[in-house]
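Please open the model in your viewer and keep the sequence panel beside it.

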Amino acid sequence: MSGRHAHMGMSVTISAAAEQDAEQIFRLQYLCFQSEAALYGNYRIDPLVQTLDSVREEVAQDCVFVARLGDEIVGSVHGRITEEGAAAIGKLCVHPRLQGHGIGARLLKAAESALAGERGARTFRLHAGHRSESNLSLYSKVGYQRVGTSRGADGVPMIVLEKQAETYATTA
């Protein structure tokens, strides 16, 4: 068992999403967010109602990273700069069979450094559902602080988390 896990961690690579990845990202989001929807009894959450065209658009315009295991996309994250210059990071998902290997943290790091480095983000902002324990613990582990709450367009109460981008300036 442990041998298999070591192999997986090694062979998962993180890279910027390409146009031809949109379909796999679309399917992966659908798969991953089913369990999130079930947590809240709400199947209208954004990643589940998003169209393939909309995913294509995000890949083209925004900051989208994917985790690959061979040719398969097993994780993705989406980031964009908001009007006030903060970076909104969301739709972090990792294939259910590969969760717990640190892939989510690696995706977050890739998105953060691209948003800070290439797009000048000063602050990173995330939203997490109040019942999404695994996400919340990951975010606090990588330095996010809870700054408030909001309600998604879908009515789900969300916890807003933020992190300053200063740390990247020194390493650049």
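## First stop: strand β4

Begin by selecting Lys-91, which is found in strand β4, where helices (H or I, at least four residues) and strands (E, at least two) are DSSP runs numbered from the N terminus. Lys-91 is buried, with a relative accessible area of 14%; here buried means under 20% relative accessible area, exposed means over 50%, and partly exposed covers what is in between, using a 1.4 Å probe and protein chains only. The backbone deserves a look too, for the phi of Lys-91 is near 50 degrees, a positive value in a residue other than glycine.

Before going further, please note that this is a predicted model, in which local features need pLDDT of at least 70 and side-chain atom pairs count only at pLDDT 80 or more, while totals for chains, interfaces and linings use all residues. Residues are numbered from 1 along each chain as its sequence is written, and side-chain values use heavy atoms, with hydrogens and water left out.

## The whole chain

Now zoom out and colour the chain by pLDDT, the predictor's confidence in each residue, from 0 to 100. The mean pLDDT of the chain is 86, and 90% of its residues reach 70 or more. Over residues 168-172, however, the pLDDT is below 50, and this stretch has five contacts in the model beyond near neighbours in sequence, a contact meaning heavy atoms within 4.5 Å. Where pLDDT is low, the predicted coordinates should not be read in detail.

With a cartoon display you can follow seven helices and seven strands, which run along the sequence in the pattern α-β-α-α-α-β-β-β-α-β-α-β-β-α. Of the 172 residues in the chain, 44% are buried. Among the contacts with a separation of 6 or more, 62% join residues 24 or more positions apart.

## Helices α2 and α4

Select residues 22-40 for helix α2 and residues 52-61 for helix α4, whose axes come within 9 Å and cross at roughly 120 degrees; axes are lines fitted to C-alpha atoms, for helices over the stretch in contact, and angles run from 0 to 180 degrees between N-to-C directions. To see the meeting itself, show the side chains of Ala-22, Glu-23, Ile-25, Phe-26 and Gln-29 in α2, which meet Leu-52, Val-55, Arg-56 and Val-59 in α4.

Which residues of α4 are buried? They are Val-55, Glu-58 and Val-59, and they cover an arc of only 100 degrees around the axis, which puts them on the same side of α4; the arc is that of the directions from the helix axis to the C-beta atoms. The buried residues of α4 pack against α2, β2 (63-69), β3 (72-81) and β4, whereas Asp-53, Ala-60 and Gln-61 are exposed on the other side of the helix.

Next select His-95, in the loop between β4 and α5, which counts as buried at 16% relative accessibility. Leaving aside neighbours within four places in sequence, His-95 is in contact with Leu-28, Leu-31, Cys-32, Glu-72 and Val-74.

## Helix α6 and its surroundings

Move on to residues 133-141, helix α6, in which Leu-136, Leu-138 and Tyr-139 are buried. Seen down the axis of α6, its buried residues fall within an arc of 165 degrees, so they line one face of the helix. They pack against β4 (87-94), α5 (103-117), β5 (123-129), β6 (145-151) and β7 (157-164), while on the other side of α6 Glu-133, Ser-134 and Lys-141 are exposed. Just after α6, Gly-143 takes a positive phi of about 100 degrees.

Finish with a pair of strand residues. Thr-123 is found in strand β5 and is buried, with a relative accessible area of 14%; leaving out residues up to four places away in sequence, Thr-123 touches Ala-86, Ala-87, Glu-162, Lys-163, Gln-164 and Ala-165. Gln-145 lies in strand β6 and is exposed, with a relative accessible area of 54%. Gln-145 and Glu-162 are 17 residues apart in sequence and 5.4 Å apart in space, C-alpha to C-alpha.
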